[in-house]
Amino acid sequence: MVICDGGLTEREAILRAAGPHPFLRHSLPLREPVRAWRRDSAVCWLLPEVTTGPLGGMVGPPAEAVDLFGALAAEGVLQPGRWVHLPRLDRATLDTAPGVAAHEDWDFLWTTTPPPPQPGEERVVRLTEADHPELTALIEDSFPTSTARPGNPQVVDWYGIREGDRLIACGADRTRGDVGYLAGLTVAPAWRGRGLGAALTAGMSRALSARYDVLALGVFLANSGAMRLYRRLGYVETVGLTSVRCA
(Lines give C-alpha, C1' and ligand atoms only; values in the text may rest on other atoms or scores of the structure.)
Protein backbone atom coordinates (compact mmCIF):
# COMPACT_ATOMS: atom_id res chain seq x y z
CA MET A 1 0.00 0.00 0.00
CA VAL A 2 1.31 3.46 -0.93
CA ILE A 3 0.81 6.08 1.74
CA CYS A 4 0.90 9.76 0.82
CA ASP A 5 2.26 10.84 4.15
CA GLY A 6 0.96 14.25 5.15
CA GLY A 7 3.29 14.14 8.13
CA LEU A 8 6.30 14.05 5.83
CA THR A 9 6.04 17.53 4.34
CA GLU A 10 8.93 19.02 6.26
CA ARG A 11 12.59 18.30 5.63
CA GLU A 12 13.36 17.20 9.19
CA ALA A 13 10.40 14.82 9.26
CA ILE A 14 11.64 13.06 6.11
CA LEU A 15 15.16 12.84 7.54
CA ARG A 16 13.78 11.26 10.71
CA ALA A 17 11.73 8.75 8.69
CA ALA A 18 14.40 7.80 6.16
CA GLY A 19 17.60 8.53 8.07
CA PRO A 20 19.99 11.51 7.81
CA HIS A 21 22.11 10.06 5.00
CA PRO A 22 24.34 12.65 3.25
CA PHE A 23 22.58 12.01 -0.07
CA LEU A 24 19.21 12.78 1.50
CA ARG A 25 20.63 15.81 3.35
CA HIS A 26 21.92 17.07 0.00
CA SER A 27 18.74 16.34 -1.96
CA LEU A 28 16.19 17.92 0.37
CA PRO A 29 16.09 21.73 0.14
CA LEU A 30 16.22 23.71 3.35
CA ARG A 31 13.13 25.84 2.68
CA GLU A 32 11.13 24.54 -0.29
CA PRO A 33 8.10 22.34 0.47
CA VAL A 34 8.26 18.67 -0.50
CA ARG A 35 5.75 15.85 -0.90
CA ALA A 36 6.51 12.37 0.40
CA TRP A 37 5.20 8.83 0.06
CA ARG A 38 6.02 5.59 1.86
CA ARG A 39 5.64 1.96 0.90
CA ASP A 40 7.07 -0.63 3.26
CA SER A 41 10.67 0.56 3.89
CA ALA A 42 10.88 2.79 0.81
CA VAL A 43 10.43 6.56 1.03
CA CYS A 44 9.94 8.87 -1.97
CA TRP A 45 10.18 12.64 -1.94
CA LEU A 46 9.25 15.00 -4.76
CA LEU A 47 10.21 18.64 -5.08
CA PRO A 48 7.87 21.34 -6.40
CA GLU A 49 7.12 20.81 -10.09
CA VAL A 50 8.63 24.19 -10.96
CA THR A 51 12.02 23.03 -9.67
CA THR A 52 14.62 22.58 -12.39
CA GLY A 53 16.66 19.40 -12.55
CA PRO A 54 15.62 16.05 -11.03
CA LEU A 55 12.09 15.90 -9.67
CA GLY A 56 12.99 13.92 -6.55
CA GLY A 57 14.30 10.62 -5.29
CA MET A 58 13.71 7.43 -3.35
CA VAL A 59 15.59 5.56 -0.65
CA GLY A 60 15.16 2.05 0.68
CA PRO A 61 15.65 -1.49 -0.63
CA PRO A 62 15.90 -1.36 -4.46
CA ALA A 63 12.96 -3.72 -5.12
CA GLU A 64 10.71 -1.75 -2.76
CA ALA A 65 11.82 1.53 -4.32
CA VAL A 66 10.95 0.18 -7.79
CA ASP A 67 7.53 -0.94 -6.54
CA LEU A 68 6.90 2.55 -5.12
CA PHE A 69 8.11 4.17 -8.34
CA GLY A 70 5.74 2.00 -10.39
CA ALA A 71 2.78 2.77 -8.13
CA LEU A 72 3.39 6.53 -8.30
CA ALA A 73 3.87 6.37 -12.07
CA ALA A 74 0.56 4.52 -12.41
CA GLU A 75 -1.17 7.20 -10.34
CA GLY A 76 0.21 9.95 -12.59
CA VAL A 77 2.25 11.51 -9.81
CA LEU A 78 5.54 11.49 -11.74
CA GLN A 79 5.95 14.04 -14.51
CA PRO A 80 6.92 12.53 -17.89
CA GLY A 81 10.41 13.53 -18.95
CA ARG A 82 11.63 14.34 -15.44
CA TRP A 83 14.37 12.41 -13.66
CA VAL A 84 14.07 10.64 -10.31
CA HIS A 85 16.97 9.19 -8.32
CA LEU A 86 16.61 5.58 -7.11
CA PRO A 87 18.97 3.24 -5.26
CA ARG A 88 21.36 1.45 -7.63
CA LEU A 89 19.37 -1.05 -9.66
CA ASP A 90 20.73 -4.15 -11.34
CA ARG A 91 19.51 -4.92 -14.83
CA ALA A 92 16.97 -7.51 -13.71
CA THR A 93 15.36 -5.12 -11.20
CA LEU A 94 15.45 -2.22 -13.65
CA ASP A 95 13.63 -4.33 -16.25
CA THR A 96 10.72 -4.72 -13.83
CA ALA A 97 10.31 -0.94 -13.39
CA PRO A 98 7.36 0.40 -15.39
CA GLY A 99 7.38 3.87 -16.88
CA VAL A 100 11.15 4.20 -17.36
CA ALA A 101 12.26 5.94 -20.56
CA ALA A 102 16.00 6.04 -19.81
CA HIS A 103 18.43 5.51 -16.96
CA GLU A 104 21.92 6.48 -15.81
CA ASP A 105 24.10 4.85 -13.14
CA TRP A 106 26.30 7.08 -11.02
CA ASP A 107 27.96 7.30 -7.62
CA PHE A 108 27.34 9.91 -4.96
CA LEU A 109 30.68 10.39 -3.14
CA TRP A 110 31.14 12.24 0.12
CA THR A 111 33.64 13.09 2.81
CA THR A 112 33.70 14.83 6.17
CA THR A 113 37.34 15.87 5.78
CA PRO A 114 38.74 18.38 3.25
CA PRO A 115 41.34 16.97 0.86
CA PRO A 116 45.05 17.16 1.67
CA PRO A 117 46.69 20.31 0.25
CA GLN A 118 47.24 20.15 -3.50
CA PRO A 119 49.79 22.05 -5.61
CA GLY A 120 48.11 25.06 -7.19
CA GLU A 121 44.93 25.08 -5.12
CA GLU A 122 45.75 28.61 -3.99
CA ARG A 123 44.95 29.67 -7.56
CA VAL A 124 41.26 28.78 -7.11
CA VAL A 125 39.19 31.97 -6.96
CA ARG A 126 35.53 32.74 -6.62
CA LEU A 127 34.00 33.99 -9.86
CA THR A 128 31.33 36.62 -10.43
CA GLU A 129 28.58 37.35 -12.92
CA ALA A 130 31.12 39.22 -15.03
CA ASP A 131 32.83 35.87 -15.66
CA HIS A 132 29.71 34.18 -17.04
CA PRO A 133 30.60 34.60 -20.74
CA GLU A 134 34.00 32.98 -20.14
CA LEU A 135 32.40 30.23 -18.08
CA THR A 136 29.93 29.46 -20.86
CA ALA A 137 32.71 29.30 -23.46
CA LEU A 138 34.88 27.05 -21.28
CA ILE A 139 32.03 24.65 -20.50
CA GLU A 140 31.02 24.45 -24.17
CA ASP A 141 34.61 23.57 -25.05
CA SER A 142 35.48 21.19 -22.24
CA PHE A 143 32.22 19.76 -20.81
CA PRO A 144 29.38 20.39 -23.29
CA THR A 145 27.03 17.85 -21.65
CA SER A 146 27.20 19.58 -18.25
CA THR A 147 23.95 20.93 -16.83
CA ALA A 148 25.88 23.25 -14.49
CA ARG A 149 25.74 26.47 -16.48
CA PRO A 150 25.66 30.20 -15.79
CA GLY A 151 22.03 31.12 -15.25
CA ASN A 152 21.07 27.71 -13.84
CA PRO A 153 19.17 28.53 -10.62
CA GLN A 154 20.59 25.39 -8.98
CA VAL A 155 24.09 26.93 -9.01
CA VAL A 156 24.93 28.93 -5.89
CA ASP A 157 28.45 30.03 -6.86
CA TRP A 158 31.24 29.51 -9.37
CA TYR A 159 34.94 28.91 -8.79
CA GLY A 160 37.78 28.85 -11.28
CA ILE A 161 41.47 28.93 -12.09
CA ARG A 162 43.02 31.47 -14.44
CA GLU A 163 46.21 31.48 -16.45
CA GLY A 164 46.86 35.14 -17.01
CA ASP A 165 43.55 36.57 -18.15
CA ARG A 166 42.22 33.24 -19.45
CA LEU A 167 39.82 31.01 -17.49
CA ILE A 168 41.19 27.45 -17.78
CA ALA A 169 39.22 25.51 -15.13
CA CYS A 170 35.90 25.94 -13.36
CA GLY A 171 33.43 24.27 -11.03
CA ALA A 172 30.01 25.02 -9.56
CA ASP A 173 28.78 25.09 -5.98
CA ARG A 174 25.39 23.44 -6.43
CA THR A 175 24.49 23.06 -2.78
CA ARG A 176 20.77 22.61 -2.14
CA GLY A 177 20.47 21.23 1.39
CA ASP A 178 23.11 21.27 4.12
CA VAL A 179 25.82 19.28 2.31
CA GLY A 180 28.35 21.24 0.27
CA TYR A 181 27.99 19.93 -3.30
CA LEU A 182 30.60 20.31 -6.05
CA ALA A 183 29.38 19.98 -9.64
CA GLY A 184 30.42 20.56 -13.23
CA LEU A 185 34.16 20.51 -12.55
CA THR A 186 36.12 20.82 -15.76
CA VAL A 187 39.52 21.82 -17.15
CA ALA A 188 40.22 23.23 -20.61
CA PRO A 189 41.46 20.41 -22.88
CA ALA A 190 44.82 22.09 -23.54
CA TRP A 191 45.51 22.35 -19.80
CA ARG A 192 44.70 18.81 -18.72
CA GLY A 193 47.27 16.51 -17.17
CA ARG A 194 48.84 19.29 -15.08
CA GLY A 195 47.08 18.70 -11.75
CA LEU A 196 44.50 21.45 -12.24
CA GLY A 197 41.58 19.08 -11.61
CA ALA A 198 43.05 18.14 -8.23
CA ALA A 199 43.80 21.79 -7.43
CA LEU A 200 40.27 22.89 -8.36
CA THR A 201 38.61 20.10 -6.37
CA ALA A 202 40.78 20.75 -3.30
CA GLY A 203 40.33 24.52 -3.43
CA MET A 204 36.57 24.32 -3.82
CA SER A 205 36.31 21.66 -1.12
CA ARG A 206 38.27 23.80 1.32
CA ALA A 207 36.06 26.82 0.60
CA LEU A 208 32.83 24.85 1.12
CA SER A 209 34.14 23.07 4.23
CA ALA A 210 34.05 26.42 6.02
CA ARG A 211 30.24 26.26 5.80
CA TYR A 212 29.34 22.56 5.66
CA ASP A 213 30.32 19.50 7.72
CA VAL A 214 29.90 17.14 4.76
CA LEU A 215 31.13 17.63 1.18
CA ALA A 216 29.89 15.63 -1.80
CA LEU A 217 29.95 15.27 -5.57
CA GLY A 218 28.58 12.91 -8.21
CA VAL A 219 30.45 10.83 -10.79
CA PHE A 220 29.14 8.74 -13.68
CA LEU A 221 30.53 5.21 -13.61
CA ALA A 222 32.14 5.60 -17.02
CA ASN A 223 34.31 8.49 -15.78
CA SER A 224 36.97 6.30 -14.20
CA GLY A 225 39.64 9.01 -14.25
CA ALA A 226 37.53 11.40 -12.22
CA MET A 227 36.58 8.59 -9.86
CA ARG A 228 40.25 7.84 -9.14
CA LEU A 229 41.00 11.52 -8.59
CA TYR A 230 38.14 12.13 -6.18
CA ARG A 231 38.91 9.01 -4.19
CA ARG A 232 42.55 10.06 -3.93
CA LEU A 233 41.37 13.39 -2.50
CA GLY A 234 39.32 11.65 0.19
CA TYR A 235 35.88 11.27 -1.37
CA VAL A 236 35.72 7.59 -0.50
CA GLU A 237 32.25 7.20 1.08
CA THR A 238 29.91 6.07 -1.67
CA VAL A 239 26.29 5.33 -2.44
CA GLY A 240 25.38 3.88 -5.83
CA LEU A 241 22.37 5.42 -7.57
CA THR A 242 20.33 4.86 -10.71
CA SER A 243 18.57 7.92 -12.09
CA VAL A 244 15.54 7.16 -14.25
CA ARG A 245 13.69 9.38 -16.68
CA CYS A 246 9.94 9.03 -16.36
CA ALA A 247 8.13 7.91 -19.51
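This is a predicted model: local features need pLDDT of at least 70, side-chain atom pairs count only at pLDDT 80 or more; totals for chains, interfaces and linings use all residues.

Q: Why is Pro-22 called buried?
A: Its relative accessibility is 12%. Buried means under 20%, so Pro-22 counts as buried.

Q: What does Pro-22 touch, once neighbours within four places in sequence are left aside?
A: Pro-22 is in contact with Phe-108, Trp-110, Val-179 and Val-214.

Q: What makes Thr-112 exposed?
A: Thr-112 has a relative accessible area of 57%. Exposed means over 50%, so the label for Thr-112 is exposed. This residue lies in the loop between strand S6 (100-111) and strand S7 (125-126).

Q: Which residues does Thr-112 contact, leaving aside its neighbours within four places in sequence?
A: Asp-213 and Val-214. Val-214 also turned up among the contacts of Pro-22.

Q: What makes the link between the side chains of Arg-11 and Asp-178 a polar contact?
A: The distance given for this pair is 3.0 Å. A polar contact needs N or O atoms within 3.5 Å, one able to donate a hydrogen and the other to accept it, so the pair of Arg-11 and Asp-178 qualifies. The Arg-11 side chain also has a polar atom 2.9 Å from the backbone oxygen of Leu-28.

Q: Which residues is Arg-11 in contact with, again leaving aside neighbours within four places in sequence?
A: Arg-25, Leu-28, Pro-29, Leu-30, Gly-177 and Asp-178.

Q: Which other residues of H1 are buried, and what do the buried ones pack against?
A: Besides Arg-11, the buried residues of H1 are Ala-13, Ile-14 and Leu-15. The buried residues of H1 pack against helix H2 (22-27), strand S2 (35-39) and strand S3 (42-46). Just after H1, Gly-19 takes a positive phi of about 100°.

Q: What makes the phi of Asp-40 worth a remark?
A: Most residues other than glycine have a negative phi. Asp-40 is not a glycine, yet its phi is positive, at about 55°. Asp-40 is found in the loop between S2 and S3.

Q: Why is Asp-40 called exposed?
A: With a relative accessible area of 64%, Asp-40 is exposed, because the label applies over 50%.

Q: What surrounds Glu-134, leaving aside its neighbours within four places in sequence?
A: Glu-134 is in contact with Arg-162, Asp-165, Arg-166 and Leu-167. A polar atom of the Glu-134 side chain lies 3.4 Å from the backbone nitrogen of Leu-167.

Q: Why are H6 and H7 described as oblique to each other?
A: The axes of helix H6 (residues 196-209) and helix H7 (residues 224-232) cross at roughly 50° and come within 10 Å. Under 35 degrees would be roughly parallel and 65 to 115 roughly perpendicular, so H6 and H7 are oblique. H6 passes H7 in a right-handed crossing.

Q: Which residues make the contact between H6 and H7?
A: H6 brings Gly-197, Ala-198 and Thr-201, and H7 brings Leu-229, Tyr-230 and Arg-232. They divide into three nonpolar, two polar and one charged. Gly counts as polar and Tyr as nonpolar in this scheme.

Notes: Residues are numbered from 1 along each chain as its sequence is written. Side-chain values use heavy atoms; hydrogens and water are left out. Contact means heavy atoms within 4.5 Å. Axes are lines fitted to C-alpha atoms, for helices over the stretch in contact, and angles run from 0 to 180 degrees between N-to-C directions. Helices (H or I, at least four residues) and strands (E, at least two) are DSSP runs, numbered from the N terminus. Angles under 35 degrees count as roughly parallel, over 145 as roughly antiparallel, 65 to 115 as roughly perpendicular and the rest as oblique. A crossing is left-handed if the near helix is turned anticlockwise from the far one by less than a right angle, and right-handed if clockwise. Buried means under 20% relative accessible area, exposed over 50%, partly exposed in between (1.4 Å probe, protein chains only).
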